[in-house]
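Here are a few exercises to work through with the model open in your viewer. Try each task before reading its solution.

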Amino acid sequence: MPDPPKTLVLGGGIVGVVTAYFLAKEGHEVTVVEEKDGLGLQATAANAGLIAPGHSFAWASPRAPGMLLRSLFGKETAIRVKLKPDLRLYTWGVKFLRECTAERARRNTLIKLRLCQYSQAVMAELVRTEGIQYHAITKGALYVYRDPAELEAGAKRMSLLSEHGQKQEILDANEVAKLEPAFEPVKHKIAGAVRDLTDSSGDARLFIENLARVCREKLGVTFELGTCVTALKADGDRVHRVVTNRGLLTADNYVLALGVQSPLVAATIGVRLAIYPAKGYSSTFPIKEGGLAPIIGGVDEQRLVAWSRLGDRLRFTSTAEFAGYDLSWTPRDFNNILRFAGDIFRDAAHYDQGQYRACLRPMTPDGPPILGKGRHQNLFFNVGHGHMGWTMAFGTARTVTDLMMGRKPSLDLEGLTPRRVAGGM
């Protein structure tokens, strides 16, 4: 009987760990390589907590260039850019701007939606199979509007998703407050919301911890922590080793799931991935005992602040800033979040005990991630999930596993293959 194939999964975020799980279930001998001393400590630990096919819209849209332009003049916009001497920023930016037409935004949104819906179904199956706990809240998500005209426009915009399978309802302010009592004291400040009934929320970091335990104890997956991948080495059309700070690693197959580091590592074997970091800001607060904290997660569509409840904590996220690999932040970067929290959920949490951080999300110009094999026969990509890694990870992991096993994936791969944005393919 032949030995099981050895596979290195490079990256220990939600994407890498879920990929390791599915590959191990197929009989692969899997090792996950992660730079940090724990799993899911980077973008995964700072995400919005929302599992949201109902918010699959492409960031590259007709209104995005205006937000970027206003950000250059110091305006606090949801998408902003800091100009710097970085050729990758400008080459990526040109590709992003090309996607900002109404036709391309619609196409890219539907590609993302298709993937997110598939991923949600795969996740549900995994949770049932393994009994994973992660502070799940399955009451949908609220996309809140302050102005009646904006609510009407938002409902019209959301109809694109409802026409393609999302279950949605439009709620006025009273109906929002009845569904989510945290809005009762401030219902006069909102016009209403579009509720996506199938969206949900949960703690991705807790999910990883519990899934990793399954991987170790039931499936024999090895986790090499504190191991930073610096390069790949290839001969012809095959990768033959990985260079790390702890020496060389070899395997039969390799999965690149390093988030924002993926294009830097891929470049060491001449592969250009059109991925650039989008810095997001995340803050987490302990919920007040007896406080009026929301249970249902959602997004304020005016400020573009997302919130979700993670057990006894309340998470807020906001902003996409294109500023390279800089993880620094100042208190001003959280003004948008704190203004929203104080305005809508004033008594929900201890806002003087916040945990603040920035994270880097791996964005492609069009929005969908990059999946599958390029010109190297044993290197598979699972990269570029942007701000939706928590939503997309299960679908992309299952798809990459199917491709590695030589099966046709259940997911339609149009708009997701490496050929669309990766050079040297």
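**Exercise 1. Glutamate 26 and its partner**

Task: In this predicted model, find which side chain glutamate 26 meets in a salt bridge, and say where the two partners sit.

Solution: 
- Start with the pair itself: glutamate 26 bridges to arginine 407, with 2.8 Å from N to O.
- Glutamate 26 is in the loop between helix H1 (14-25) and strand S2 (29-33), and arginine 407 is in the loop between helix H10 (389-404) and strand S22 (422-423). That makes it a link between distant parts of the chain, 381 residues apart.
- Now check accessibility. Glutamate 26 has a relative accessible area of 33%, so call it partly exposed. Arginine 407 is also at 33%, so it too counts as partly exposed.
- Then look around arginine 407 again: its side chain also forms a salt bridge with aspartate 402, at 2.7 Å from N to O.

**Exercise 2. A helix-to-helix bridge**

Task: Are lysine 218 and glutamate 130 buried or exposed, and which helices does their salt bridge link?

Solution: 
- The two side chains meet at 2.8 Å, N to O.
- Lysine 218 belongs to helix H7 (residues 204-219) and glutamate 130 to helix H4 (residues 102-130), 88 residues apart.
- At 56% relative accessible area, lysine 218 is exposed. Glutamate 130 comes in at 15%; buried means under 20%, so it falls on the buried side.
- Shared partners join Arg146, Lys189, Asp300 and Asp343 into one network.

**Exercise 3. Rings**

Task: What kind of aromatic pair do tryptophan 329 and phenylalanine 334 make?

Solution: 
- You need two numbers, because a pair of aromatic rings is described by the distance of the centres and the angle of the planes.
- There are 25 aromatic pairs to pick from. In this one the ring centres are 5.1 Å apart and the planes stand at 85°, so it's edge-to-face.
- Accessibility: tryptophan 329 is partly exposed at 38%, whereas phenylalanine 334 is buried at 1%.
- Zoom out, and ring pairs tie both residues into a cluster that includes Phe183, Tyr281, Trp307 and Tyr356.
- One more ring to visit: the charged end of arginine 157 sits over phenylalanine 57, 3.8 Å from the ring centre.

Key. Residues are numbered from 1 along each chain as its sequence is written. This is a predicted model: local features need pLDDT of at least 70, side-chain atom pairs count only at pLDDT 80 or more; totals for chains, interfaces and linings use all residues. Side-chain values use heavy atoms; hydrogens and water are left out. Rings of Phe, Tyr and Trp (its six-membered ring) pair if their centres lie within 6.5 Å; planes under 30 degrees apart count as stacked, over 60 as edge-to-face and the rest as tilted. Buried means under 20% relative accessible area, exposed over 50%, partly exposed in between (1.4 Å probe, protein chains only). A charge sits over a ring if NZ of Lys or CZ of Arg is within 6 Å of the ring centre and within 35 degrees of the ring normal. A salt bridge is a side-chain nitrogen of Lys or Arg within 4 Å of a carboxyl oxygen of Asp or Glu. Helices (H or I, at least four residues) and strands (E, at least two) are DSSP runs, numbered from the N terminus.
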